[in-house]
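Here is a walk through one protein model, from its overall build to its charged side chains. Keep the 3D view open while you read.

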Amino acid sequence: MTKSKFQLVGSLLRPADLRKYKDEIEGRDDIQYPFYDALPGYQETETADIKQIVAEQKEKGIDILTDGEFGRSMWHLDFLWGLKGIERYIADHGYVFQDHEGAGTFETRKDIGIRITGPLSGKNHHFLDIYKLVQAEAGGEDTKQTIYGPAHAFTELSVFNGLVGEDQFYKTKAELKAGLIQAYKEFLDEYKEAGGKIIQFDDCLWELFDETNPLTPFGSLSSDELASLADEFVAINNEVADYAHEIGLTVWTHNCRGNYESRSATGGTYEAIAKKFLADQRYDRFFLEWDDDRAGDLVALEALKDKDTEVVLGLLSSKTTDLDDEERVYKLLEEASKIIPKERLFLSHQCGFASCDSGNELAIPQQWAKIKQGQEIAEKFFAE
């Protein structure tokens, strides 16, 4: 499907004219997704910038194109905001991330509150309007759509927001789960009808199941309870992935430890969760993070050794201004190729450059320089 062995996870730094509108969205809960009616000029600016970023990707040799996630404010919540039955509001607190160099914690933007006001539905989602724009600008090049992973979305609604109970629209977790999965299937149906071929589910949950991770919210659970919860989450992802396969989509996933203005949310290693979250999940391609030591040893790839799954090694950092240590990258690529055949391996940055509209702490020229470095490393390594 792809010619290049270098891959983009999805998001790219937003230009200043688009950031102006995104900043206004962050402080207002009197407006609802997609916000265009409340912000004159926003839709026109977003459309023009999406056309420009697709053209830039083509010019720079990126062969699987996205909107750079320019059509959203946050990597995940915009997908939920676009579902029927969801209402957004400004919460008392944002998400908690780890600040730079042990400087304590860092709080994100606060417009992360969610209410469920009716039955969830993925029909007529605005992401499809944006995708059709990307497809039209792609001119026959491959495209992909990145969306919130279903198990993580279920956790966002049921655990982080507590939207289950007698005072809620969904009275039980089982009802919420069924409603959410159905909404995903509705979205996938219409994505397929719109000409979509590749769907990528982005997900930050897995390392929370590493019992040695001090930042997990599941720390009070016993080993058996943690395993049972992991099985439930894997089953949610697999049900949606299986359905996507049934209707003819190629299904990818990206796993992340959090990426907000060059900060991370948690730790945890892949070895601890490899059996369930690597071996048991039925994806065609895994984008994984090994940009620093938090991910642990590459031995976790053994869980994928006997599958046909492709692996994108996130050995480069999208969070730093400097170019990456090429010696380290080549060394890890060589190690990985001893576990997974080279033809099933790809190279990427560990995450996108702007999981949220504020973006990582680097400039757009630095972003493209880092992408060029990744392309050159991949071309050299995979040509050998």
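This is a predicted model: local features need pLDDT of at least 70, side-chain atom pairs count only at pLDDT 80 or more; totals for chains, interfaces and linings use all residues.

The protein contains 10 helices and 13 strands. Its radius of gyration is 20 Å, close to the 21 Å that the globule rule gives for 384 residues, so the protein is as compact as a globular protein of that length. The C-alpha trace spans about 60 × 50 × 45 Å along its principal axes. Of the 384 residues, 58% are buried.

Now turn to the charged pairs. The structure has 18 salt bridges. One of them joins the side chains of Asp111 and Arg88, with an N to O distance of 3.0 Å. Asp111 sits in the loop between strand 5 (105-107) and strand 6 (113-121), while Arg88 belongs to strand 3 (residues 84-89), so this contact ties together parts that are 23 residues apart in sequence. Are these two partners buried or exposed? Both Asp111 and Arg88 are buried.

A second bridge pairs Arg285 with Glu310. Their closest N and O atoms are 2.9 Å apart. Here, too, distant parts of the chain are linked: Arg285 is in strand 11 (residues 285-289) and Glu310 in strand 12 (residues 310-316), 25 residues apart. Arg285 counts as buried because its relative accessibility is 1%, under the 20% cut-off. Glu310 has 23% relative accessibility, so it counts as partly exposed.

Lys305 is partly exposed, with a relative accessible area of 38%. Glu302 is also partly exposed, at 40% relative accessibility.

Finally, look at the surface. Which residues gather there in a patch of negative charge? They are Asp325, Glu326, Glu327, Glu376 and Glu379. Helix 9 (326-337) and helix 10 (364-383) are the elements that give two or more residues to this patch. Take Glu376 as an example. Glu376 lies in helix 10. Its relative accessibility is 43%, so Glu376 counts as partly exposed. Patch members need over 30% relative accessible area and no salt bridge.

Note on methods: Residues are numbered from 1 along each chain as its sequence is written. Side-chain values use heavy atoms; hydrogens and water are left out. Patches are made of residues with over 30% relative accessible area and no salt bridge: like charges are joined within 9 Å, nonpolar side chains (Val, Leu, Ile, Met, Phe, Trp, Tyr) within 5 Å. Accessible areas come from the Shrake-Rupley method with a 1.4 Å probe; for residues, only the protein chains shown count as cover. A salt bridge is a side-chain nitrogen of Lys or Arg within 4 Å of a carboxyl oxygen of Asp or Glu. Lys and Arg count as positive and Asp and Glu as negative; His and the chain ends are not counted. The place of a charge is taken as NZ of Lys, CZ of Arg, CG of Asp or CD of Glu. Helices (H or I, at least four residues) and strands (E, at least two) are DSSP runs, numbered from the N terminus. Buried means under 20% relative accessible area, exposed over 50%, partly exposed in between (1.4 Å probe, protein chains only). The radius of gyration is taken over C-alpha atoms; the globule rule is 2.2 Å times the number of residues to the power 0.38.
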